Amino acid sequence: AVSWSPCGRKVLTGGDDKTARIWKASRMDPLCWEQVALLNGHCDSVRAVAWRPEPDKVRTQNRVVIATGLADSTIVLWHSHVAPHDRRSFEVFATLSGHSGAIRSLDWAWDGTQLASGSTDATTRIWHCDGWQEVAKLEVGTCAGVKAVAWSPDGRKLATGGADAILRVWTRGDLHQ
């Protein structure tokens, strides 16, 4: 799993070693990347990763928020400590449960208020940052899992792609059941 940071200077990765890592280009050699943070303590493989966007209205106490999706069907939310230009450490502040299959994809809405998750259980779920509650469950209708989720730039639509090779575009009415 891989995701660029909102500023475009860092990359977040997740893997079978049950960790997520943040990488930054070396100041000495921009083609060489160095690990600047390790998010460990996951109980299973990290299959999806996503940085929360940083518009002013969702930025709280200068914290970075990251979501990791696991093979065990849970989503782990992390937030950072320290100032923006220092090395950060991360701690878990929420765990989201609801899927019954591995998390394959995560994407934040442009304003950072909602997180979409796609799973091998053939559902996409929408989580709202006010209390991190599930606000919608979108079912594919086949046994095919959801491999990709992506919000439109205006946050009014959500596209999903699955193992059945079908693109589905959900509108705002579908997203708030």
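Is Cys43 buried or exposed? Cys43 is exposed, because its relative accessible area is 53%, where exposed stands for over 50% relative accessible area, buried for under 20%, and partly exposed for values in between (1.4 Å probe, protein chains only). Cys32 has a relative accessible area of 39% and is therefore partly exposed. The structure holds zero disulfides, a disulfide being a pair of cysteine sulfur atoms within 2.5 Å.

The model is predicted, so that local features need pLDDT of at least 70 and side-chain atom pairs count only at pLDDT 80 or more, while totals for chains, interfaces and linings use all residues. Residues are numbered from 1 along each chain as its sequence is written, and side-chain values use heavy atoms, with hydrogens and water left out.

The protein chain has one helix and 15 strands. Helices (H or I, at least four residues) and strands (E, at least two) are DSSP runs, numbered from the N terminus. Of the 177 residues of the chain, 48% count as buried. The accessible surface of the protein chain comes to about 8900 Å², and carbon and sulfur atoms account for 51% of that surface; accessible areas come from the Shrake-Rupley method with a 1.4 Å probe, and for residues only the protein chains shown count as cover. Contact means heavy atoms within 4.5 Å. Among contacts between residues at least 6 apart in sequence, 42% join residues at least 24 apart.

Four strands form an open sheet in the order E5-E6-E7-E8, with antiparallel pairing. Strands E5 (46-51) and E8 (90-96) are the edge strands, each pairing on one side only. From one strand to the next, the twist averages 25°; axes are lines fitted to C-alpha atoms, for helices over the stretch in contact, and angles run from 0 to 180 degrees between N-to-C directions. Two strands pair if DSSP finds at least two bridges between them. Five bridges connect E5 to strand E6 (residues 65-70) in the antiparallel sense, and Ile66 in E6 is the bridge partner of Trp51.

The loop between E6 and strand E7 (75-80) contains Thr74. Thr74 counts as buried because its relative accessibility is 14%. The side chains of Thr74 and Asp72 are joined by a polar contact of 2.7 Å. A polar contact is a pair of N or O atoms within 3.5 Å; within protein, one must be able to donate a hydrogen and the other to accept it, and residues adjacent in sequence count only if both atoms are side-chain atoms. With neighbours within four places in sequence left aside, Thr74 is in contact with Thr68, Gly69, Thr95, Leu96, Ser97 and Ile103.

Another open sheet has three strands in the order E13-E14-E15, paired antiparallel. Strand E13 (146-151) and strand E15 (167-171) stand at the edges with a single partner strand each, so one side of each is left without a neighbour in the sheet. The twist in this sheet averages 20° from one strand to the next. E13 and E14 run antiparallel and are joined by five bridges; Leu158 in E14 is the bridge partner of Trp151. The hairpin formed by E13 and E14 has five residues between the strands, and Gly155 in the turn has a positive phi of about 75°.

Strand E14 (residues 157-162) also pairs with E15 in the antiparallel sense over five bridges. Here the bridge partner of Lys157 is Thr171 in E15. E14 and E15 form a hairpin with four residues between them, and Ala165 in the turn has a positive phi of about 65°. In a regular strand the side chains alternate between the two faces of the sheet. The covered face of E15 has Arg168 and Trp170, and the uncovered face has Leu167, Val169 and Thr171.

Trp23 lies in strand E3 (residues 20-25). Trp23 counts as partly exposed because its relative accessibility is 27%. Trp23 and Lys10 are 13 residues apart along the chain, and their C-alpha atoms are separated by 5.5 Å. Apart from neighbours within four places in sequence, Trp23 is in contact with Arg9, Lys10, Val11, Thr13, Trp33, Glu34, Gln35 and Val36. With Thr13, the side chain of Trp23 forms a side-chain polar contact of 3.0 Å.
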